[in-house]
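Dear colleague,

I am handing over the structure you asked about. The sequence and coordinates come first, and my notes follow.

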Amino acid sequence: MDHSDHPRSSSQARPAGHDHAAPAAATWAMAAQATLHCLTGCAIGEVLGMVIGTAAGMSNLATVVLAVALAFVFGYALTMRGVLRAGVGFRTALKVALAADTVSIAVMEVLDNAVMVSVPGAMDAGLTSRLFWGALAGSLLVAFVLTTPVNKWLISRGKGHAVTHQYHGH
């Protein structure tokens with residue numbers, strides 16, 4: 001029987017049981033949740049790096065490098081924690097975290113550090129300064145707002161945080 005003249009509905013486009021291979025429809029809420037998850041790890045590392053660098057009197061460049069490095073460490077660690085709970089090994093969890101978070105963290109770090117260094121005096125203001133903390137909070141907000149569309153795009157292609165879904169039961 002030839003069905004070539006009958007258009008398939010979208011539910012018939014793939015054999016049953018194979019729908020998991022298609023990227024999920026990425027919603028803004030899903031993208032915001034992924035970005036917030038990423039921001040949490042990034043913010044921990046970013047704040048810690050800025051605090052350590054500022055308190056230690058490090059140069060702006062050294063402080064930014066430290067903050068970025070710690071943002072990646074904490075961002076990956078947060079994702080790995082959830083994936084490890086699913087019972088996979090450390091290497092698999094690391095691979096999932098790298099795939100899930102690298103682009104998001106990189107975009108976020110470029111944005112928030114660009115804001116931080118562009119606010120006059122913020123990097124030199126010191127830990128007791130409202131300017132320092134205001135600039136840091138503002139930089140993280142800018143990073144969240146501008147990284148969310150990137151995460152939406154990644155998720156819609158089955159990349160970014162979409163790779164963690166099988167480990168979190170989403």
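In what order do the elements of the chain run from the N terminus on? They run α-α-α-α-α. The count is five helices and zero strands. Please keep in mind that this is a predicted model.

The chain has 170 residues, and 35% of them count as buried. Among contacts between residues at least 6 apart in sequence, 71% join residues at least 24 apart.

Helix lengths

Helix 1 covers residues 28-55. It has 28 residues, and the distance from its first C-alpha to its last is 38 Å, close to the 40 Å expected at 1.5 Å a residue. Just after helix 1 comes G57, which takes a positive phi of about 70°.

Helix 2 covers residues 60-85. Its 26 residues should span 38 Å at 1.5 Å a residue, and because its end C-alpha atoms are 38 Å apart, the model agrees with that expectation. A glycine follows here too: G87 comes after helix 2 and has a positive phi, near 95°.

How the helices pack

Two packed helices are described by the angle between their axes and the distance between the axes.

For helix 1 and helix 4, the axes come within 8 Å and cross at roughly 145°. The crossing is right-handed. Sorted by class, the residues of this contact are 18 nonpolar, five polar and two charged.

For helix 2 and helix 3, the packing angle is about 145°, with the axes 8 Å apart. This crossing is right-handed. The contact has 19 nonpolar, four polar and two charged residues.

For helix 3 (residues 90-118) and helix 4 (residues 130-156), the angle is about 150° and the axes are 8 Å apart. Helix 3 passes helix 4 in a right-handed crossing. On the helix 3 side, the contact is made by V103, S104, V107, M108, L111, D112, V115 and M116. On the helix 4 side, the residues include F132, A135, L136, S139, L140 and V142. Further along helix 4, the list goes on with A143, L146, T147, V150, N151 and L154. Which classes do these residues fall into? They divide into 15 nonpolar, four polar and one charged.

T35 sits in helix 1. Is T35 buried or exposed? Its relative accessibility is 0%, so T35 counts as buried; the cut-off for buried is under 20%. The side chain of T35 reaches the backbone oxygen of A31 at 2.7 Å. Leaving out residues up to four places away in sequence, T35 touches M108, F144, T147, T148 and N151.

T164 lies in the loop between helix 4 and helix 5, the latter being residues 165-168. T164 has a relative accessible area of 2% and is therefore buried. Its side chain reaches a backbone oxygen, that of H161, at 2.7 Å. Apart from neighbours within four places in sequence, T164 is in contact with T79, V96 and A100.

Two positions with more accessible area

R85 lies in helix 2. With a relative accessible area of 64%, R85 is exposed, the cut-off for exposed being over 50%.

T92 lies in helix 3. The relative accessible area of T92 is 35%, so it is partly exposed. T92 and M80 are twelve residues apart in sequence, and their C-alpha atoms are 9.1 Å apart in space.

Regards

How values were computed
Residues numbered from 1 in each chain as written. Predicted model: local features only at pLDDT ≥ 70, side-chain atom pairs only at ≥ 80, totals over all residues. Heavy atoms only, no water. Helix = DSSP H or I, 4+ residues; strand = E, 2+ residues; numbered from the N terminus. Buried < 20%, exposed > 50% of the residue type's maximum accessible area, 1.4 Å probe, protein only. Polar contact = N/O pair within 3.5 Å; in protein donor to acceptor, adjacent residues only side chain to side chain. Contact = heavy atoms within 4.5 Å. Axes fitted to C-alpha atoms, helices over the stretch in contact; angles between N-to-C directions. Left-handed = near helix turned anticlockwise from the far one by under 90°. Nonpolar A, V, L, I, M, F, W, Y, C, P; charged D, E, K, R; others polar. Expected span 1.5 Å × (residues − 1).
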